[in-house]
Amino acid sequence: MQALLLGVDRLNAFIGKLFAWCIVILMLAICYEVFRRYVLRDPTTWAYDVSLMLYGALFMMAGAYTLSRNGHVRGDFLYRKWQPTTQARIDLVLYFLFYFPGILALIYSGWGYFQLSYMLNEHSSFSPDGPVIWPFKAIIPFVGVMMLLQGVVEVVRCYICIRDGDWPQRLHDVEEMEKIILDEAAAKAEQEAALTAIEGESTGRGSL
């Protein structure tokens, strides 16, 4: 089971990291547009559409990857103080109450947007060239499916946590500095508490 869960994590990580290269292409496109506009006085007709599509693709395709790394925003000031089983129970309720209905709506409506755009061979109306945009809209239902798959994985993790009392292993890339600082502070507090206990025990023996 764990191998299957991590396999879905790796799949979404691959997709997310692949589309992360959109930021490099986006930067090059914007730099080229700035050069053409302000140096050559000859702005492009495609830079706006390209930047919009690249940023949208980057934003959407990173969703499942971020969820696989437990990186989405939550009320950590409360959540981090709860026991793992409490966290898992709350997550489980919220997944079924909000997450899955929202993702299913995204897939349903996204497929409709893509299908209509494909049938009309829709082009952008934001620039004179009007590049075709139905391939971009195809990303919407695809993202929904990947988010749904990752959501199922997270629900299984919630069940395992409730059963075993601790969260199962998940893949990690980097840790936020805040988490590192908190972990270091907790370790330091434990060391100080241990030293205090040892000193108290030594003092008690000395008085005897």
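Predicted model: local features only at pLDDT ≥ 70, side-chain atom pairs only at ≥ 80, totals over all residues.

Biologist: How many disulfides does the structure hold?

Modeller: A disulfide is a pair of cysteine sulfur atoms within 2.5 Å. For Cys22, the closest cysteine sulfur is in Cys31, 16 Å away, which is too far for a bond. Cys161 is in no disulfide either, its nearest cysteine sulfur being that of Cys158 at 7.3 Å. The number of disulfides in the structure is zero.

Biologist: Is Cys161 buried or exposed?

Modeller: Buried means under 20% relative accessible area, exposed over 50%, and partly exposed in between (1.4 Å probe, protein chains only). Cys22, at 10% relative accessibility, counts as buried. With a relative accessible area of 0%, Cys161 is buried.

Biologist: Which elements cover the buried residues of helix 1?

Modeller: Helices are DSSP runs (H or I, at least four residues), numbered from the N terminus. Helix 1 spans residues 2–19, and its buried residues include Leu5, Leu6, Ile15 and Gly16. Taking contact as heavy atoms within 4.5 Å, what covers them includes helix 3 (47–61), helix 4 (63–68) and helix 8 (139–164).

Biologist: How far does helix 3 reach from its first C-alpha to its last?

Modeller: The expected span of a helix is 1.5 Å times one less than its number of residues. Helix 3 has 15 residues, and its reach is close to the span expected at 1.5 Å a residue. From first C-alpha to last, helix 3 reaches 21 Å.

Biologist: Which elements give two or more residues to the lining of the largest cavity?

Modeller: On a 1 Å grid over the protein atoms alone, a cavity is a set of points where a 1.4 Å probe fits but cannot get out, and lining residues have an atom within 4 Å of a point. The largest cavity holds about 50 Å³ of space, a volume being the space filled by probe spheres set on the points, with grid points joined across faces, edges and corners. Its lining includes Asn12, Ile15, Met60, Met61, Phe142 and Val143. The elements giving two or more residues to that lining are helix 1, helix 3 and helix 8.

Biologist: Which element gives the largest share of the lining of the second largest pocket?

Modeller: A pocket is an open set of points with protein on both sides within 12 Å along at least five of seven lines. About 150 Å³ of space lies in the second largest pocket, and its lining includes Asp49, Leu52, Phe126 and Lys137. Helix 3 and helix 7 (134–137) each give two or more residues to this lining. The largest share, four residues, comes from helix 3.

Biologist: Which residues does Leu92 touch, not counting residues up to four places away in sequence?

Modeller: Leu92 lies in helix 6 (residues 84–120) and is partly exposed, with a relative accessible area of 23%. Leu92 and Cys158 are 66 residues apart in sequence, yet 6.2 Å apart in space, C-alpha to C-alpha. Leaving out residues up to four places away in sequence, Leu92 touches Val155, Cys158 and Ile162.

Technical notes. Residues numbered from 1 in each chain as written. Heavy atoms only, no water.
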